[in-house]
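I opened this entry to keep track of what I looked up, starting with the surface and ending with single residues.

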Amino acid sequence: QVQLVESGGGLVQPGGSLRLSCAASGSIFSIGAMGWYRQAPGKQRELVAVITSGDTRNYVDSVKGRFTISRVDAKKTMYLQMNSLKPEDTAVYSCNARITNSLGYTRDYWGQGTQVTVSS
């Protein structure tokens, strides 16, 4: 059973920082691309940042220069460092990963989501 678990969300003032973590566990053979998505109330889910197994990184324009995605494969964990947070960053953040399990099957997995609220 493969699962992704996020942590690190919470309430922060504008201009503050948070670091989200996404840990994969279970019978994993390999992890490919990983990404962070967010969904604000009344809005569609959007891709915030993605990192490939080769460490190529891409960001949505609204977070460039403020957010940094990273991964530590030995820990099967991905991170999202969020700096200079703005109220418009408020959303439920979810992680996604393309995982090949020990039986050789590959599919996308999702975490349960973690709430990030930026407010004074």
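I began with the surface: the accessible area of the protein is about 6,500 Å², and 47% of it belongs to carbon and sulfur atoms. Accessible areas come from the Shrake-Rupley method with a 1.4 Å probe, and for residues only the protein chains shown count as cover. The model is predicted: local features need pLDDT of at least 70, side-chain atom pairs count only at pLDDT 80 or more, and totals for chains, interfaces and linings use all residues. Residues are numbered from 1 along each chain as its sequence is written, and side-chain values use heavy atoms, with hydrogens and water left out.

Next, the overall fold. I found zero helices and 11 strands; helices (H or I, at least four residues) and strands (E, at least two) are DSSP runs numbered from the N terminus. The C-alpha trace spans about 50 × 25 × 25 Å along its principal axes. I checked the radius of gyration, taken over C-alpha atoms, against the globule rule of 2.2 Å times the number of residues to the power 0.38. The protein has 14 Å, which agrees with the value near 14 Å for a compact globule of 120 residues.

Of the 120 residues, 39% count as buried, where buried means under 20% relative accessible area, exposed over 50% and partly exposed in between (1.4 Å probe, protein chains only). Contact means heavy atoms within 4.5 Å. Among contacts between residues at least 6 apart in sequence, 54% join residues at least 24 apart.

For the core, I used sets of buried Ala, Val, Leu, Ile, Met, Phe, Trp, Tyr and Cys residues joined through side-chain atoms within 4.5 Å. The largest such nonpolar core has 30 residues, of which Trp-36, Leu-80, Met-82, Tyr-93 and Ile-99 touch the most other members. Strand β9 gives the most to this core, with five residues.

Which strand holds Ala-97? Ala-97 is in β9 and counts as buried at 0% relative accessibility. Leaving aside neighbours within four places in sequence, its contacts include Leu-4, Ile-31, Met-34 and Tyr-109. I also noted that Ala-97 and Ser-21 are 76 residues apart in sequence and 13 Å apart in space, C-alpha to C-alpha.

Thr-100 also has its place in β9. Thr-100 is buried, with a relative accessible area of 14%. Not counting residues up to four places away in sequence, Thr-100 touches Ile-28, Phe-29, Ser-30, Tyr-105 and Thr-106.
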